[in-house]
Amino acid sequence: MQVITQIDSLRKYLNSVRIQQKTIGVVPTMGALHQGHLNLVRRSVQKCDVTVVTIFVNPLQFGPQEDLDAYPRRLEDDVALCAEQGAEVVFAPQIKDMYSPHHGTFVVPESVENLYCGAYRPGHFKGVLTIVAKLFLAVQPDWAFFGKKDYQQAALIQRMVEDLNFPIRIHLVPTARERSGLARSSRNQYLTQDERQRAVAIYSGLKKAQERWKQGERRVVELKKTVRQTIQKSGGSVQYIELASRKTLLPLKGSIQESAVILVAAFYGTTRLIDNLEL
Ligand code: AMP
């Protein structure tokens, strides 16, 4: 396995792969890899001849008050984990390799961009789509692997691929969870032991709402109330809870008539966690 930091060297290596008619899978990440990321890598290794894991903490998707500086960076461990899973390349560029001082071109989503996470993280998805588009152009993969944990992100990336005709197929991987049900996240390590235990309420709230839905509850306010109460009881502070159409990701009101997903963001202490569950 090799670690590449320059786009030119990456292209050169991948051209030699393509000449051999081998398929390429890419797994874009910000590093501090956990089981959730590794599930994506494993999927890519199973499906594609060559897997490229990208590790880049993308400054463009962090707001001015967010955790860019504190975000965990563990390149050496990450590289070892990728090698263990059978990836061929870790692409780990520096900021200067991805953004010149004159960088002035962005990919800005217009559908559902200002909803859910987008409402609280202005510019976040512009940052995500811009870096994903750049990584797609650098790697030119056949397949790209993303997690359902970041549901809105995955939907916006699928939209971008369709809208801009990227010749890339997207594979979405289910959310990896700790045994407690807490969705795995690089940000979980900000949680104290106590917060970590209480944050399990996010998933149990989602499961309770799913249970009520299975029993026939279709009222959006009722399903949201179930999640909200469970989180609040655990001392979490809800940022948003919404039910959205799985097809369009637009918010659902009144009574649910179509396949839906519950999207949640909540704080435990100063740590913001997101999760979701398809009904
Ligand atoms: P990140 O490093 O947080 O930007 O995540 C990189 C990729 O891993 C994204 O496609 C995420 O959706 C995915 N991912 C992160 N956490 C999980 C998880 N718990 N389960 C599945 N995929 C995940």
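**Reading salt bridges, sheets and a pocket**

Biologist: Which side chain meets that of glutamate 162 in a salt bridge, and how many Å separate N and O?

Modeller: A salt bridge is a side-chain nitrogen of Lys or Arg within 4 Å of a carboxyl oxygen of Asp or Glu. Here the partner of glutamate 162 is arginine 159, at 3.3 Å from N to O. This is a predicted model, in which local features need pLDDT of at least 70 and side-chain atom pairs count only at pLDDT 80 or more, while totals for chains, interfaces and linings use all residues. Residues are numbered from 1 along each chain as its sequence is written, and side-chain values use heavy atoms, with hydrogens and water left out.

Biologist: How are glutamate 162 and arginine 159 placed in helix H7?

Modeller: Helices (DSSP runs of H or I, at least four residues) and strands (runs of E, at least two) are numbered from the N terminus. Because glutamate 162 and arginine 159 are three residues apart in helix H7 (residues 151–163), about one helical turn separates them. Relative accessible area, computed with a 1.4 Å probe on protein chains only, gives three classes: buried under 20%, exposed over 50%, partly exposed in between. Glutamate 162 is exposed at 54%, and arginine 159 is partly exposed at 33%.

Biologist: Which glutamate forms a salt bridge with lysine 224?

Modeller: Lysine 224 bonds in this way to glutamate 242, with the closest N and O atoms 3.4 Å apart. The two lie 18 residues apart and link distant parts of the chain, lysine 224 in helix H10 and glutamate 242 in strand S7. Lysine 224 counts as buried, at 18% relative accessibility. Arginine 246 and glutamate 278 also form a salt bridge, at 3.7 Å from N to O. That pair spans 32 residues, from the loop between S7 and S8 to strand S9. Both residues are partly exposed: arginine 246 at 33% and glutamate 278 at 22%. In total, the structure holds 15 salt bridges.

Biologist: What is the strand order of the open sheet of three strands?

Modeller: Two strands pair if DSSP finds at least two bridges between them. In this sheet the order is S7-S8-S9, with antiparallel pairing. Strands S7 (237–245) and S9 (271–278) are the edges, each pairing on one side only. Between S7 and strand S8 (residues 260–268) there are eight antiparallel bridges, and alanine 244 stands opposite valine 261 in S8.

Biologist: Which strands does helix H10 lie across?

Modeller: Contact means heavy atoms within 4.5 Å. For angles, axes are lines fitted to C-alpha atoms, for helices over the stretch in contact, and values run from 0 to 180 degrees between N-to-C directions. Helix H10 (residues 220–233) lies across S7 and S8, at about 150° to S7. Helix H9 (residues 200–214) lies across S8 and S9, at about 25° to S9.

Biologist: What is the volume of the second largest pocket?

Modeller: On a 1 Å grid over the protein atoms alone, a pocket is an open set of points where a 1.4 Å probe fits, with protein on both sides within 12 Å along at least five of seven lines; lining residues have an atom within 4 Å of a point. Points are joined across faces, edges and corners, and the volume is the space filled by probe spheres set on them. The second largest pocket has about 340 Å³. Of its 16 lining residues, those closest to the centre are Ala155, Gln158, Arg246, Lys247 and Thr248. H7 gives the most to this lining, with seven residues.
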